[in-house]
Amino acid sequence: MLRFDAECCTHSTSYNFTFDVMASFTEALRHAPVPLVRAQAALLHRITKVYPKPAFGLVAEEVVITRPFCRLIHFKQVRTGLPRVLVVAPLSGHHATLVRDTVAALLADHDVFITEWTDAREVSLDHGSFSLDDYVTELRAFIRHLEPQRLHVVAVCQPTVPTLAAIALSAAAGEATPRSLTLMGGPVDARRSPTVVDKLATDHPIAWFEANMIHRVPEGYAGRGRRVYPGFLQLAAFVMMNPDKHARAYWTYWLDQLRGNTAGVELHEKFYDEYNAVLDMDAQYYLDTVRLVFQEFALARGTWRVAGELVEPAKITATPLFTIEGELDDISGLGQTEAAHELCTHVPARRHLVAEGCGHYGLFSGSRWRDSIYPDVRDFIRSHEAP
């Protein structure tokens, strides 16, 4: 049983939380037994249930390409002639629907595609492992398929690194590259303003991560026996970054159930249905990411090789670059995404935006994204659309 008292809490905000809980619990005892039982049952159900992969639920979707570890999805549009955009969704524990708000805003003015990464526990061992190199290779293939001369790319968080690598390798090979590239809140150079996430990676050797974070998929799944970094571990890590915030959210949910506050209940369930729906990542991809991105800083240092080819962002000469960071981002610190400008020394145009008062998720979801950030992304894409 969790104890929300001063003795077990480490943050000063927890003291206020203790008094809030005590006062609310006293109020709860005044309510009839039936609402109290209902609230208890609802909370227990939410804490223990399995959260399935959510649906985008925006417009009709079609699968353009199917690969063992990823599908390229197209959101069908009635209108034609819109700028074509590929959203590279994160592969960091959550499903691609985490960026639903990103897609929803883009659909107003663009023809949108997205990478939908597959839960590794559902991928048979017959397909082998999936590495960070494979991730880059998949992106290059998707970009080629979508015709880079017509394509704008938007990468959110984790994929900023492999997306920049994919475009750099294509440029070095003499291939066409996208009309524009937008990188949002990602660890291009995780040495800058290191966060709790970054420090965890540098505090332990890669052998520690392999020994403690990698597990086998159990029976009952298509990927049984596959070595993975389980989604539930990633979710636990996310929660422990802000434990008070999540504890308050569940306490408020319990009270809303008790009081019959339907709007509050629905708001909580909508957010946590998405937040708690997680996927497993192939062990090789996870360990590659920890080592290359967060320990060796290989992209920033110019030492990263993909399938033997050196990744050189300076080779990009035809793709304008837009980087976006959140002032209060506690996952990718200030300067980490902006570092791309120092690497991409020959891009034809560039822009950088720091969203004031914005945390990590606010960069691509919610009112700050819709009202303040998206208009700049839309205008950047328009300014580099084909005449």
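**Close-up views of a predicted model**

**View 1. In this predicted model, helix α7 passes helix α11 in a right-handed crossing.** The residues that make up this contact divide into 6 nonpolar, 2 charged and 1 polar. On the α7 side they are Ile206, Phe209, Glu210 and Met213, which meet Tyr286, Leu287, Val290, Arg291 and Gln295 of α11.

**View 2. The axes of α7 (residues 206–213) and α11 (residues 283–295) cross at roughly 150 degrees.** They come within 10 Å of each other. Angles over 145 degrees count as roughly antiparallel, and the two helices are therefore roughly antiparallel to each other.

**View 3. An open sheet of 8 strands has mixed pairing.** The strand order is β1-β2-β4-β3-β5-β6-β12-β13. At the edges lie β1 (61–67) and β13 (350–355), each of which pairs on one side only. From one strand to the next, the twist averages 20 degrees.

**View 4. Strands β5 (residues 151–156) and β6 (residues 180–184) run parallel and are joined by 5 bridges.** Val156 has Met184 in β6 as its bridge partner. Helix α5 (residues 160–172) packs on the sheet and touches β3, β5 and β6. The direction of α5 makes about 160 degrees with that of β6.

Notes
Residues numbered from 1 in each chain as written. Predicted model: local features only at pLDDT ≥ 70, side-chain atom pairs only at ≥ 80, totals over all residues. Heavy atoms only, no water. Axes fitted to C-alpha atoms, helices over the stretch in contact; angles between N-to-C directions. Helix = DSSP H or I, 4+ residues; strand = E, 2+ residues; numbered from the N terminus. Parallel < 35°, antiparallel > 145°, perpendicular 65-115°, else oblique. Left-handed = near helix turned anticlockwise from the far one by under 90°. Contact = heavy atoms within 4.5 Å. Nonpolar A, V, L, I, M, F, W, Y, C, P; charged D, E, K, R; others polar. Pairing = 2+ DSSP bridges.
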